[in-house]
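Trainee: I would like to go through this model with you. Can we put it on the screen?

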Amino acid sequence: MKKSDKIFHWLPRILCILAIAFVSLFALDAFSPELSFWQQIGAFLMHLIPSFILLALLILAWNKEFIGGILFTIIGLVLSPIVYAHNYRMNHSVLISLGIILTITVPFILVGILFIINYFRKKRKTKETSCHESN
């Protein structure tokens, strides 16, 4: 496997793991001293539901790159205006809201595009290999 093939194989996976880890950090706000231990654990797990969904999607994309890439791209594109509107209502700042979009949803759009690119690179390479073997 060439170096560029390795990069295109691992880049979306590593970027996705990092993006999921970043999103998971927001679950830490579930811990509050006025809640009991079990209430805190329950709230923490509830806050981790988006991370669990993204992790399941990553597992799908790991094996089915094209489908996973499309789903990651769609999720990022659909959530971008929702997250933007929510944050704009809270802070009334276009720049802050755009910054939040860049850090939360754009990485998943990028991951989706990279999975799709990698799928087509592998498909083209397989096609080229089978053409050379038949000659």
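Trainee: What share of the contacts in the protein chain with a separation of 6 or more comes from residues 24 or more positions apart?

Mentor: First, the ground rules: this is a predicted model, where local features need pLDDT of at least 70, side-chain atom pairs count only at pLDDT 80 or more, and totals for chains, interfaces and linings use all residues. Residues are numbered from 1 along each chain as its sequence is written, and side-chain values use heavy atoms, with hydrogens and water left out. Contact means heavy atoms within 4.5 Å. Among contacts with a separation of 6 or more, the share from residues 24 or more positions apart is 68%.

Trainee: How many helices and strands does the protein chain have?

Mentor: Helices (H or I, at least four residues) and strands (E, at least two) are DSSP runs, numbered from the N terminus. The elements run α-α-α-α-α-α from that end. The count is six helices and zero strands.

Trainee: What is the radius of gyration of the protein chain?

Mentor: The radius is taken over C-alpha atoms, and the globule rule is 2.2 Å times the number of residues to the power 0.38. For a compact globule of 135 residues, that would be near 14 Å. The C-alpha atoms fill a box of roughly 70 × 35 × 20 Å along the principal axes. The protein chain has a radius of gyration of 19 Å.

Trainee: Leaving aside neighbours within four places in sequence, which residues is Val111 in contact with?

Mentor: Val111 belongs to that largest core. Its contacts beyond those neighbours are Pro12, Leu15, Cys16 and Phe72.

Trainee: Where is His92 found, and is His92 buried or exposed?

Mentor: Most residues other than glycine have a negative phi. Phi of His92 is positive, near 55°. His92 is found in the loop between helix H4 (65-91) and helix H5 (94-104). With a relative accessible area of 60%, His92 is exposed.

Technical notes
Core = buried A, V, L, I, M, F, W, Y, C linked by side-chain atoms within 4.5 Å. Buried < 20%, exposed > 50% of the residue type's maximum accessible area, 1.4 Å probe, protein only.
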